[in-house]
Amino acid sequence: MMPEHTYLPTTEIDQFKQEGFLLKKNLFNKLEMDNIKKWVQEIEAYPEVIGKYWRYYEKSLIEEKNRLLSRIENFSPDHQEMNSLINKSKMVTIVSELLGEQAVLFKEKINFKMPGGNGFTPHQDMQAGWNTYANFYITVLLSIDESNVENGCLEVAPGYHNLGLIGEMWKPLTENEIKDMKFIPIATQPGDAIFFDCYIPHRSQPNFSNSPRRILYLTYNRLNEGNHREQYYTDKYKNYPPDIEREANKEYVFKV
Ligand SMILES: O=C(O)CCC(=O)C(=O)O
Ligand SMILES: [Fe+2]
């Protein structure tokens, strides 16, 4: 059944379809963000343990010997309030309105992009093998910190989602594939959200500012295509487990 359009006017749904993304300023107010920031801090402070949330690290681009927390994934089972935010808040309703039907969570992560943290080469999220599980996804970016050009905010190429899969699976987009694209940086304040299509080409620059650029990314698919979160994480664990669960002499490569 079609959900009622409670959050988005038709003009915004049309805009999402045309451009491949929709910016919602102030989706969460200051009070709500105080809570959400606290939960992010709690997750950030979680100790390294095996068999729970997944913590990933990267080398600092500023000081090579420094190891920076780059990402935490698969944490919703371990944090009740965050779990409700991810599965029951207006973000799910809005994604459902954009899909025209009920959405279900596919994956959740926080990208920390600490000072010295790297950017992301141009890609379509679908290139990360998501086609194995469902045909279409929408990701919500929720800005925890301010994001801007200096600290590596998200940049998107509006309209190019309409071409479907442009690049190869498991490879970033090539120079040739992006040669006609115009990438637009979308600066955000805490509480702003960007809803984006799994085919929209996007990228971001490293963070050479003095403060972290934390962003919560929540990806959903249509419930009628199934709930694939468990299977996705089981499969991902085999190729790209969290740092603490890696074998000593094996090389793990981040692909897309
Ligand atoms: O956090 C960013 O700057 C972009 C992240 C991204 O595109 C991804 O993780 O797929
Ligand atoms: Fe991405």
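**Entry 1: aromatic residues**

I began with the aromatic side chains and found that Trp54, Phe106, Trp130, Tyr133, Tyr137, Tyr232, Tyr233 and Tyr237 form one aromatic cluster. The model is predicted: local features need pLDDT of at least 70, side-chain atom pairs count only at pLDDT 80 or more, and totals for chains, interfaces and linings use all residues. Residues are numbered from 1 along each chain as its sequence is written, chains are lettered from A and ligands numbered from 1 in the order in which they are written, and side-chain values use heavy atoms, with hydrogens and water left out.

I took rings of Phe, Tyr and Trp (its six-membered ring) as a pair if their centres lie within 6.5 Å; planes under 30 degrees apart count as stacked, over 60 as edge-to-face and the rest as tilted. By this rule I count 14 aromatic pairs. One of them, Phe106 with Tyr232, is tilted, with 4.6 Å centre to centre and 45 degrees between the planes. This pair links distant parts of the chain, as Phe106 belongs to strand β4 (residues 103-111) and Tyr232 to helix α6 (residues 229-239), 126 residues apart. Helices (H or I, at least four residues) and strands (E, at least two) are DSSP runs, numbered from the N terminus.

Are Phe106 and Tyr232 buried or exposed? I applied the rule that buried means under 20% relative accessible area, exposed over 50%, and partly exposed in between (1.4 Å probe, protein chains only). Phe106 has 0% relative accessibility and so counts as buried; Tyr232 is buried at 6%. I then looked up Trp130 and Tyr137, whose pair is edge-to-face because the ring centres are 5.0 Å apart and the planes stand at 65 degrees. Trp130 is buried at 5%, and Tyr137 is buried at 0%.

**Entry 2: charges over rings**

A charge sits over a ring if NZ of Lys or CZ of Arg is within 6 Å of the ring centre and within 35 degrees of the ring normal. I noted Lys109 over the face of Tyr217, 5.5 Å from the ring centre. The charged end of Lys255 lies over the ring of Trp170, at 5.7 Å from its centre.

**Entry 3: nonpolar cores**

I used the term nonpolar core for a set of buried Ala, Val, Leu, Ile, Met, Phe, Trp, Tyr and Cys residues joined through side-chain atoms within 4.5 Å. The largest has 58 residues, and those with the most contacts inside it are Phe75, Met82, Met91, Phe195, Leu216 and Tyr220. Helix α4 (residues 90-99) gives the largest share of this core, 6 residues. I also found a second, separate core of 10 residues, including Leu154, Ile200, Ile215 and Tyr217.

**Entry 4: salt bridges**

A salt bridge is a side-chain nitrogen of Lys or Arg within 4 Å of a carboxyl oxygen of Asp or Glu, and I find that the structure holds 20. Among them is Glu12 with Lys24, at 2.8 Å from N to O. Glu12 is in helix α1 (residues 10-19) and Lys24 in strand β1 (residues 21-24), so this pair ties together parts 12 residues apart in sequence. Glu12 is buried at 18%, as is Lys24 at 15%.

I next examined Asp235 and Lys238, whose closest N and O atoms are 3.7 Å apart. Both lie in helix α6, 3 residues apart, about one turn of the helix. Asp235 is partly exposed at 21%, whereas Lys238 is exposed at 54%. Finally, I recorded that Arg71, Glu73, Lys107 and Lys236 are joined into one network by salt bridges that share partners.
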